[in-house]
Amino acid sequence: TYTAQATVLPTNADNMTYTWSIQGSGATIDASGKITVTGTPGSSFTVVATANDASGVKGSAPVTIIAESIPVTSVAFNTNAYSIYASEQLDLSKLITVSPSTATIASTTWSITQGSSYATVSTAGVLKGIPAAVTLDKTITVRVDVTGTDGVTKTASQVVTVKKDLI
């Protein structure tokens, strides 16, 4: 909920009171200006303050409802260890849990912090081995950074074994 505010001018007017109203749908407003949003993100309404004297003067402000920002509190991989053969790929994005599940995410960034010569990771979180580079089983470390719409970033790292392909 929000509280609307209005300023009556001139400051020495005989009647300094006004009445609140909403034009359109998506919200209600009480006599003190407390707005309760009932609409969905993307919908709009207008808040109106009408002078209580005979002037008929009105002031208004358009409002567009935006989605509530729910911060990311944590990100974690779902198990302790993963492994793939060098010629395989693994969609890491399906193997993480972001909490809460309703968090509003601005971006997700994937990187390999150790062993980048043995595998690559796409911006979508798909890990692919590099067969020509993996002559023995290699351990790499993958990192995911999840940033919420509030600007706070949570990080998780995971060890993955990239195995030499079977011939």
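Trainee: Where does Pro100 lie?

Mentor: Pro100 sits in the loop between E10 and strand E11 (105–114). Helices (H or I, at least four residues) and strands (E, at least two) are DSSP runs, numbered from the N terminus. Before we go on, this is a predicted model, in which local features need pLDDT of at least 70 and side-chain atom pairs count only at pLDDT 80 or more, while totals for chains, interfaces and linings use all residues. Residues are numbered from 1 along each chain as its sequence is written, and side-chain values use heavy atoms, with hydrogens and water left out.

Trainee: And what is the peptide bond from Ser99 to Pro100 like, cis or trans?

Mentor: That bond is cis, with omega near -10 degrees. Look also at Leu9 to Pro10, where the peptide bond is cis with omega near 0 degrees. Pro10 is in the loop between E1 and E2.

Trainee: Which strand is joined to E10 by four bridges?

Mentor: That's strand E7 (residues 74–77), which runs antiparallel to E10. Two strands pair if DSSP finds at least two bridges between them. For a landmark on screen, find Ser74, which stands opposite Ser99 in E10.

Trainee: How about Gln158, buried or exposed?

Mentor: Gln158, in strand E15 (residues 153–163), has a relative accessible area of 5%, so it is buried. Its side chain reaches the backbone oxygen of Asn80 at 2.7 Å. That is a polar contact: a pair of N or O atoms within 3.5 Å where, within protein, one must be able to donate a hydrogen and the other to accept it, and residues adjacent in sequence count only if both atoms are side-chain atoms. Leaving out residues up to four places away in sequence, Gln158 touches several others, including Phe77, Tyr82 and Ile140; contact here means heavy atoms within 4.5 Å.

Trainee: Which side chains does the side chain of Asp145 make polar contacts with?

Mentor: Asp145, in strand E14, is buried at 14% relative accessible area. Its side chain meets that of Arg143 at 2.9 Å and that of Thr155 at 2.7 Å. Among the residues Asp145 touches beyond four places in sequence are Ser107, Thr109 and Lys154.

Trainee: Last one: how much space lies in the largest pocket?

Mentor: Rolling a probe the size of a water molecule over the atoms shows where empty space is left. On a 1 Å grid over the protein atoms alone, a pocket is an open set of points where a 1.4 Å probe fits, with protein on both sides within 12 Å along at least five of seven lines; lining residues have an atom within 4 Å of a point. The largest pocket holds about 400 Å³, a volume being the space filled by probe spheres set on the points, with grid points joined across faces, edges and corners. Its lining has 26 residues, with Ala6, Thr7, Ala49, Lys58 and Gly59 nearest the centre. Strands E1 (2–3), E2 (18–23), E5 (44–51) and E6 (58–64) each give two or more residues to that lining.

Trainee: And the second largest pocket, how much space lies there?

Mentor: About 260 Å³. Tyr2, Phe45 and Glu68 are among the residues that line the second largest pocket, and strand E4 (34–37) and E6 each contribute two or more.

Methods. Buried means under 20% relative accessible area, exposed over 50%, partly exposed in between (1.4 Å probe, protein chains only).
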